[in-house]
Amino acid sequence: MKILLAGGAGYIGSHTAVALLEAGHQVVVLDNYDNSSPEAIHRVEELTGKKVSLYEGDATDHKRVLDLMQREQPDCVIHFAGLKAVGESIEQPLRYYRNNIDTTLTLLESMAETGCKKIVFSSSATVYGAENAAPCHELMPKGSCTNPYGWTKSMMEQILQDAAVADKDLSVVLLRYFNPIGAHESGRIGENPRGIPNNLMPYVTQVAVGKREKLTVFGGDYDTPDGTCLRDYIHVMDLAEGHVKAVEFGANHTGVDIINLGTGQPYSVLDIVHTFQEVNGIKVNYEIGPRRSGDLPVVYADASKAQKVLGWQAKRTLADMCRDSWNWQKNNPDGYE
Ligand code: WQD
């Protein structure tokens, strides 16, 4: 199949491009490089020995998206395009709503105009909100998000579901990611955050490489075994392979399916720090600080639906995630620059 990856040069998109090419699919990427680099796609080509059709452009630019879709005629769209920094979304809510909702509408309109009927969407475990106790199951009603970024994901899910009610030929797969970390085993592609990292693993790797002095662990007094928050960390290549399965599932399917992509295994912040140190033989300075507002104590997936419906299960361990994150960081201390 030919797959359009909107926002495909970013962290998850570039790893998914590798997995799709290795599974024999063709890949078209549209990206505005707002938080990504064309170098990631050049490296995807180098890793796989296959070509990617790469377009610079914004997924909110209707003419650009329509021209591209008419020309490439993709069988399926994977929608990764969007802003994703939680803290920034609290400071700039209108920008987040405008951009993220607009990308979704523009892609859906262009699909309708060109007869493309399959879409896979990058959603997030954040849509379960504070109301649902872990493990999160796809049948739970969505909850209240603690920030505008999370609300955009929840609203985009709703828009996609409404579109599928109106068009019975549409196939929508909503993939709810838990906490993707790690990098391609080669160390050639990985996560490349702009400025100070918001997420745990890129912060840990930047402390390890000497770019930041120490990690602040946000809260040591939660009601968890070691007092720090529990999350469902998933290797980005497992996540990427989940997308391949979702695209192949959607090809013979219509309607909406919601699927968690997680391991089902929670780990604490200190588990990450300790495993990272052990696997890589490198020290990570840290201190326990105050809680971060909006953090939930425990979030992890019920991962059984992905196994049942997609025949997919995460294979890589926490040690693999820590080793591959470090391999990427130490070989590319300044990311793609
Ligand atoms: C993980 C744990 C922190 C940084 C968010 C979004 C989600 C998804 C991923 C992104 C928490 C702790 C972190 C640090 C720390 N979206 N931590 N010190 O909050 O689970 O999920 O990012 O695109 O939708 O909500 O991920 O990596 O920020 O935090 O102690 O410097 O690490 O408190 O327990 P989170 P995270």
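## Around the ligand

Strand E8 (residues 215-218) supplies the most to the shell around the ligand, giving four residues. Strands here (E, at least two residues) and helices (H or I, at least four) are DSSP runs, numbered from the N terminus. This is a predicted model: local features need pLDDT of at least 70, side-chain atom pairs count only at pLDDT 80 or more, and totals for chains, interfaces and linings use all residues. Residues are numbered from 1 along each chain as its sequence is written, and side-chain values use heavy atoms, with hydrogens and water left out.

In total, 19 residues surround the ligand, each with a heavy atom within 4 Å of it. Among them are Leu200 and Arg231.

## Polar contacts

Let's look at some N or O pairs (a polar contact is such a pair within 3.5 Å). A polar side-chain atom of Asp295 sits 2.6 Å from a ligand oxygen, and one of Ser124 sits 2.9 Å from a ligand oxygen. For Phe218, a backbone N or O atom lies 2.8 Å from an oxygen of the ligand.

Pairing takes at least two DSSP bridges between two strands. Ile78 stands opposite Val120, while Ser123 has Arg176 as its bridge partner in E6.

Conventions:
A polar contact is a pair of N or O atoms within 3.5 Å; within protein, one must be able to donate a hydrogen and the other to accept it, and residues adjacent in sequence count only if both atoms are side-chain atoms.
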